[in-house]
Amino acid sequence: MDAKTIKLAVFGQPVAHSLSPRIHRAFGEQLGMDVDYRAIEAAADQLEARLDEFRANGGTGANLTVPLKEQALRLCAQVDVAARQSRAVNTLMLVNDGWHGYNTDGAGFLLDLDRLGIELADRRILVIGAGGATAGILPSMLEREPHSVCLLNRTAERAERLSDKFSHRGNVNAGALEEGPEEEDFDLLVQSTSAGHAGALPAINRAWLATSATVYDLNYGNAHQALARWARAHELPCHDGLGMLVGQAALAFEIWTGQQLEMSPVLEALHREAKDC
Ligand code: NDP
């Protein structure tokens, strides 16, 4: 490994399944850069020590995944607006005074919607789930001035907290998933729960959606399959979250290196592999 090698890593628990090492190595190849990107297992109470070790070994940039995104906030010397608003950091960059934290999930989500030609302006959007991922994408969603955003969550209070926090930015309302939305005719369903990791599907109802509605799942791979089947059964166009994953990664890579990337070759390779499985 020479002095020009960029040492990067994703921290999380579990992290062994993460596609981030593959994506960032592919980005490095695309730009002719020598990238050493590893997956490092860390529980929330181990993050600070693991980051210190990583930094001592020459690490200069990192991604964070579950359960570390909120925990990382207090370890940052500075955070960007997106990380502050969502109270979650998914990207760290080492700058003189320490780690600077960013959240590229919301911008990555918008990049993917743009790639897919999914409009948000004036649309009625239904979001299922109110965890860290929803907190990350909601401010970006509202920037596009949708007609309304309805947040439904198994634990209603979590959705209500998010709705209260962002209601000054647009027409956001919240409720309990089991009670369903107060209105119907949604143009876009965004599935942002982790239920798919257990093969489950949140209790969603086709009648909530407009005839021409589109479904976007933040999940991909096996975790996307239950919703993909549901959407097929109801003849709704459905997209997985691989494009968002590659989008947020491309934006993180740009923060670390200042270089812009071509997302599509990496995304196409991941989709080809997903089909071969
Ligand atoms: P969190 O753990 O913060 O939140 C999980 C959410 O899922 C909560 O709203 C939770 O509800 C809900 N949930 C879990 N199980 C069920 C169930 N059986 N029925 C209904 N709701 C359920 O996770 P994140 O918000 O960080 O991530 C959500 C998903 O998005 C994950 O699967 C993650 O992999 C994916 N993701 C994808 C990204 C991408 O780039 N494509 C980026 C970030 C996340 P409750 O509050 O009631 O517990």
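## Contact between α4 and α8

In this predicted model, helix α4 meets helix α8 through D105, A107, G108, F109, L111, D112 and R115, which touch G243, M244, G247, Q248 and L251 of α8. Sorted by class, the residues of this contact comprise five nonpolar, four polar and three charged.

Helix α4 spans residues 105–116 and helix α8 spans residues 242–257. Their axes lie 7 Å apart and form an angle of about 125°. The crossing of α4 over α8 is right-handed.

## Contact between α5 and α6

On the α5 side, the contact involves G132, T134, A135, L138, P139 and L142. Their partners in α6 are R158, L162 and F166. By class, the contact of α5 with α6 has six nonpolar residues, two polar residues and one charged residue.

## The buried side of α2

Helix α2 covers residues 47–56, and its buried residues are L47, L51 and F54. These residues lie on the same side of α2, because the arc they cover around the axis is only 60°.

The cover over these buried residues includes several strands: β1 (6–12), β2 (35–41), β3 (61–64), β5 (91–95) and β6 (98–102). Just after α2, G58 adopts a positive phi of about 100°.

## R22 in helix α1

R22 belongs to helix α1, which runs over residues 20–31. With a relative accessible area of 34%, R22 is partly exposed. Apart from neighbours within four places in sequence, R22 is in contact with L270 and E273.

R22 and H234 are 212 residues apart along the chain, and their C-alpha atoms are separated by 34 Å.

## Cis peptide bonds

The peptide bond from Q13 to P14 is cis, with omega near 0°. P14 is located in the loop between β1 and α1.

A cis peptide bond also links V66 to P67, again with omega near 0°. P67 is located in the loop that runs between β3 and β4 (78–79).

R87 is not a glycine, yet its phi is positive, at about 50°. This residue is found in the loop between α3 (81–86) and β5. R87 counts as partly exposed, at 45% relative accessibility.

E235, another residue other than glycine, has a positive phi near 55°. E235 is placed in the loop between α7 (225–233) and β12 (238–239). Its relative accessible area is 73%, so E235 is exposed.

Methods:
Residues numbered from 1 in each chain as written. Predicted model: local features only at pLDDT ≥ 70, side-chain atom pairs only at ≥ 80, totals over all residues. Heavy atoms only, no water. Axes fitted to C-alpha atoms, helices over the stretch in contact; angles between N-to-C directions. Helix = DSSP H or I, 4+ residues; strand = E, 2+ residues; numbered from the N terminus. Left-handed = near helix turned anticlockwise from the far one by under 90°. Contact = heavy atoms within 4.5 Å. Nonpolar A, V, L, I, M, F, W, Y, C, P; charged D, E, K, R; others polar. Buried < 20%, exposed > 50% of the residue type's maximum accessible area, 1.4 Å probe, protein only. Arc of directions from axis to C-beta.
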